[in-house]
Amino acid sequence: MPWPPWPSNSERDTDGKKRRVPWTESLNATDWSHYTDPRTLVPTLLLTTTILVSVRVYRSYLRRIPEATHIRPGSFRKRSLFGTVTRVGDADNFHLFHTPGGRLAGWGWLPWRKVPDKKLLKGNTIHIRIAGVDAPECAHFGRPAQPYSEEALQWLKNYIMDRRVRAYIYKRDQYERVVATVWVRRFLFRKDVGKEMLKAGMATVYEAKMGAEFGDFEDSYRRAEEVAKRKKVGMWSGKAKDYESPRDYKTRMAAIRELK
């Protein structure tokens, strides 16, 4: 069986007669100057670069993160999260609805950029653990509450509930919470929430042997705790012999559980 004819274009020779030209010769004869013309090349490069940069900016800064497990490991210690506090669980942790870009990105004033109702928040908030502090333990799993646990919880609710905060994130802990230094604006001033808790006597400096996170604030946190002790505010207002730190309380409760 003969081979099919070679694809070709038609050209006229010097006698005016048509001859068949292989398609490879036709391809090599294509004028590519239009594609290398700066009037075509420069706008194409600018458009491509703009698209790539926009995608990168969106993924890094404007993409909403629904839960802690969606945070990329490379983001810890390199970026912060801005959002609205939707629930305060214990006196040293809360839930944050991430609103990247804040009001500049339309959050709070565009109809489709609002914090949803509480019934729609499940699976859409980031659990934040305030770094460097340990608040008195509330009643959990049959364990009694520590003194000043309710006061500390109410203090934190009053201080940050429904407010916009910025969390500088360090890591994810064993409970899938994001450990972070948290800042909130109060009367036009930026306040470190953990440090303010220490100053009010509503928390102690975190004293776990492993996993403690302070960012660059450990020294100032310890000074704030010492001032609260001297002033006898909050949990320091009682007698020293009756005081039990949250760390000692958790250790004691764990020992009791092992004995049962």
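Reply: Happy to. Among contacts in the protein chain between residues at least 6 apart in sequence, 62% join residues at least 24 apart. Please keep in mind that this is a predicted model. Its secondary structure comes to seven helices and ten strands, and buried residues make up 37% of the 260 residues in the protein chain.

Me: Why is Asp-162 called exposed?

Reply: Its relative accessible area is 56%. You will find Asp-162 in the loop between helix H4 (149-160) and E7. Asp-162 also has a positive phi of about 65°, although it is not a glycine.

Me: And what makes Glu-176 partly exposed?

Reply: Here the relative accessibility is 41%. Buried means under 20% and exposed over 50%, with partly exposed in between, so Glu-176 is partly exposed. Glu-176 sits in the loop between E7 and strand E8 (178-186), and its phi, near 60°, is a positive value in a residue other than glycine.

Me: How do you know that Phe-94 touches Ile-160?

Reply: A contact needs heavy atoms within 4.5 Å, and Ile-160 is on the list of residues that Phe-94 touches, not counting residues up to four places away in sequence. That list also includes Val-85, Ile-128, Val-165 and Val-182.

Me: Which residues count as lining the largest pocket?

Reply: A lining residue has an atom within 4 Å of a pocket point. The largest pocket is lined by 33 residues, and Arg-129, Gln-174, Tyr-175, Arg-177 and Lys-250 lie nearest its centre. Strand E5 (126-130), strand E7 (164-172) and helix H7 (246-259) each give two or more residues to the lining. H7 supplies the largest share, five residues. The space in this pocket is about 830 Å³.

Me: How does that lining divide into nonpolar, polar and charged residues?

Reply: There are ten nonpolar, eight polar and 15 charged residues. Arg and Lys count as charged, so Arg-129, Arg-177 and Lys-250, among those nearest the centre, belong to the charged group.

Definitions and conventions
Residues numbered from 1 in each chain as written. Predicted model: local features only at pLDDT ≥ 70, side-chain atom pairs only at ≥ 80, totals over all residues. Heavy atoms only, no water. Helix = DSSP H or I, 4+ residues; strand = E, 2+ residues; numbered from the N terminus. Buried < 20%, exposed > 50% of the residue type's maximum accessible area, 1.4 Å probe, protein only. 1 Å grid on protein atoms, 1.4 Å probe; cavity = no way out; pocket = protein on both sides within 12 Å on 5 of 7 lines; lining within 4 Å. Points joined across faces, edges and corners; volume = space filled by probe spheres on them.
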